[in-house]
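Colleague: I would like to understand how the words used for a protein model follow from its numbers. Could we take them one at a time?

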Amino acid sequence: LIVAAFLFAKGFIKTGLGRRIAYNIMSVLGGSTLKLSYALMLSDVAIAPATPSNTARAGGILFPIVQGLAVAFNSTPENGPRKIGAYLMLSTFQVNCITSTMFLTAMAPNPLIASLAAKTIPGLELTWGMWAAAASVPAILSLITIPYLLYKIYPPEIKNTPEAKQIALDELGKMGSLSRGERVVSIVFILCLILWATSSMTKLNATNVAMLGVTIMLWTNALTWNDVIEDRAAWDAMIWMGTLVCFAGFLSKFGLIVLFAKIVSASLVGVPWLVALLILLLVYMYSHYFFASTSAHVTAMYAAFLAVAVAAGAPPYLAALTLAFFSGLYCGLTHYGNGPASIYFGSGYIPQGTFWKMGFIVSLVNVSIWLTVGPGWWKILGLW
């Protein structure tokens, strides 16, 4: 699934479809800096289901657009970073952390999380449709709130950006009409979204659907075999994730996760499951200060914390989902928390202290939304 989804991202980047989607949205909503940030957010949401590499999405597709917009308004790291560049960089990065939580295929560790959940709690299955439905309401609230929050606490000097619409239209003019490759990737993308969303009826799991999409792109030459074998990130992810899943399976098989759960559960004896779950979630969230990789953090802590939460009496799906979604949200804490963090911090627009400060403030808002609205929405969905 991970390799196939990386190849989806390759199709978006290679054909230019990702850039076209972003520029089309910007041409409509680019009249002010705040609207521009929401336009970039909608672009991220539109391509998130098919780009499991949030680094490819945020770095390969959106970053060049954000950087180009900043330079167009004479905002560079050396000359006027606060004009518009710093805000757009920070907003786009934080939004990417939220979109990474929205779909099973929006970030490479998400399928790993689904696998770990199934191995830790027998019978617990996080499907693509369930994941998207559960994330939808809290994610939408976060996506609406965070760009506006940053606009207020880290405001750009330039408020109105009428030139942005023209920049987008000029870029679309250079791109011309939809290429054959873009049309193929568009059709495949829509087909896969439909099949992912209806998997409970079609009985096709996410991996089957993703492989079908890649096969169609290869058959139509939207992607070539060289594109497949040259995508080092995809094969690197497969080896890493495959190894991590095997490690997790053996940790469970030989009882280490159960032992850890018993030890921690013993320290939570007498504590109501709701309090125990809250403690585990906050520790899980803010321990990311000690990690430079989402996958490493998920592998080290997700299964163990899920086992402890369920042992304490927490409903399995409530615990599994909140831990899963926090695995995307905690990426915004530092300038090294994931791939996009290093790219956007490395642009030079945002000082390290500011990056951390804004990341912590955003985390508090996200935690508040996902721990209040989230469980209520999941209760309505009948997940606990």
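Modeller: With 384 residues, a compact globule would have a radius of gyration near 21 Å, and the protein has 21 Å, so the value agrees with that of a compact globule; the radius is taken over C-alpha atoms, and the globule rule is 2.2 Å times the number of residues to the power 0.38. This is a predicted model, in which local features need pLDDT of at least 70 and side-chain atom pairs count only at pLDDT 80 or more, while totals for chains, interfaces and linings use all residues. Residues are numbered from 1 along each chain as its sequence is written, and side-chain values use heavy atoms, leaving out hydrogens and water.

Colleague: How many helices and strands does the protein have?

Modeller: There are 19 helices and zero strands, where helices (H or I, at least four residues) and strands (E, at least two) are DSSP runs, numbered from the N terminus.

Colleague: What percentage of the residues count as buried?

Modeller: Of the 384 residues, 55% are buried, that is, under 20% relative accessible area with a 1.4 Å probe and protein chains only.

Colleague: What makes a set of residues a nonpolar core?

Modeller: Its members are buried Ala, Val, Leu, Ile, Met, Phe, Trp, Tyr and Cys residues joined through side-chain atoms within 4.5 Å. The largest such core here has 126 residues, and F12, M26, L126, Y284, Y302 and W370 touch the most other members. Helix α7 (residues 128-153) gives this core its largest share, 12 residues.

Colleague: Which residues does Y284 touch, not counting those up to four places away in sequence?

Modeller: Y284 has contacts (heavy atoms within 4.5 Å) with H297, V298, M301, Y302, F305, L323, F326, S327 and Y330.

Terms used
Buried < 20%, exposed > 50% of the residue type's maximum accessible area, 1.4 Å probe, protein only.
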